[in-house]
Amino acid sequence: KQYDEATISLNKFINNNKENNLAGSAHYWLGEIYIFRKEYRDAAIVLLEGYQNYPNSLKAPDMLYQLSESLINIEKNKEACNMLQKLSTEYPDYKLLDKSQVRISELGCIIAVE
């Protein structure tokens, strides 16, 4: 539970290893710390940055899901719906897809059909 130290270490790793795909996982874990602290805006920023910079990371779908949850917590439901739609489209085999579909329904997301 040394969250301050973990935050510093994860930020340091991200800044020093931008070319390393593990930086995506570091973004995810940093986002999780912010969520635990209920710092949802910071979580949303770091998770979006992680997803955008490391879309092939093993944690990319987890980043999208947690990003949507963070957005819901800061009352950005439309943006959360967009992230949930992206999750469904880009990661159809995601382990939490059923849970994300429930969230889409709960939020009343209007999903655009392409």
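The model is predicted, so local features need pLDDT of at least 70, side-chain atom pairs count only at pLDDT 80 or more, and totals for chains, interfaces and linings use all residues. Residues are numbered from 1 along each chain as its sequence is written, and side-chain values use heavy atoms, with hydrogens and water left out. Helices here are DSSP runs (H or I, at least four residues), numbered from the N terminus.

**The nonpolar core**

- A nonpolar core is a set of buried Ala, Val, Leu, Ile, Met, Phe, Trp, Tyr and Cys residues joined through side-chain atoms within 4.5 Å.
- Buried means under 20% relative accessible area, exposed means over 50%, and partly exposed lies in between (1.4 Å probe, protein chains only).
- The largest nonpolar core holds 30 residues, and L47 and Y91 touch the most other members.
- Helices α1 (3-16), α2, α3, α4 and α5 each give at least two residues to this core.
- The largest share comes from α4, with seven residues.

**Y91 and A60**

- Contact means heavy atoms within 4.5 Å.
- Residues up to four places away in sequence aside, Y91 touches Y51, P55, A60, P61, L64, K86 and L97.
- A60 is part of helix α4.
- A60 counts as buried because its relative accessible area is 0%.
- Beyond its neighbours within four places in sequence, A60 is in contact with Y51, Y54, P55 and Y91.
- A60 and D93 are 33 residues apart in sequence, and their C-alpha atoms are 13 Å apart in space.

**Helix α2**

- Helix α2 has 15 residues and spans 21 Å from its first C-alpha to its last, close to the 21 Å expected at 1.5 Å a residue.
- The expected span of a helix is 1.5 Å times one less than its number of residues.
- Eleven of the 15 residues of α2 are buried, so α2 is largely enclosed by the rest of the structure.
- The buried residues of α2 are A23, G24, S25, A26, H27, Y28, L30, G31, I33, Y34 and I35.
- Their cover includes α1, α3 and α4.
- S25 sits in α2, and S25 counts as buried because its relative accessible area is 17%.
- S25 touches S57 and K59, not counting residues up to four places away in sequence.

**How α2 meets α4**

- Two packed helices are described by the angle between their axes and the distance between the axes.
- Helices α2 and α4 pack at an angle of about 25°, and their axes are 10 Å apart.
- That angle makes α2 roughly parallel to α4.
- Angles under 35 degrees count as roughly parallel, over 145 as roughly antiparallel, 65 to 115 as roughly perpendicular and the rest as oblique.
- Axes are lines fitted to C-alpha atoms, for helices over the stretch in contact, and angles run from 0 to 180 degrees between N-to-C directions.
- The crossing of α2 past α4 is left-handed.
- Left-handed means that the near helix is turned anticlockwise from the far one by less than a right angle; clockwise is right-handed.
- On the α2 side, G24, H27, Y28, E32 and I35 meet D62, M63, Q66 and S70 of α4.

- Helix α3 has 14 residues and reaches 20 Å from its first C-alpha to its last, close to the expected 20 Å.
- Buried in α3 are Y40, A43, A44, V46, L47, G50 and Y51.
- The buried residues of α3 pack against α2, α4 and α5.
- Helix α5 has 14 residues and also reaches 20 Å from first to last C-alpha, close to the expected 20 Å.
- Buried in α5 are A80, C81, M83, L84, Q85 and L87.
- The cover over the buried residues of α5 includes α4 and α6 (97-107).

- Most residues other than glycine have a negative phi.
- K38 has a positive phi, near 65°.
- K38 lies in the loop between α2 (22-36) and α3 (40-53).
- K38 counts as exposed because its relative accessibility is 61%.
- E75 has a positive phi, near 60°.
- E75 lies in the loop between α4 (60-73) and α5 (77-90).
- E75 is exposed, since its relative accessible area is 71%.
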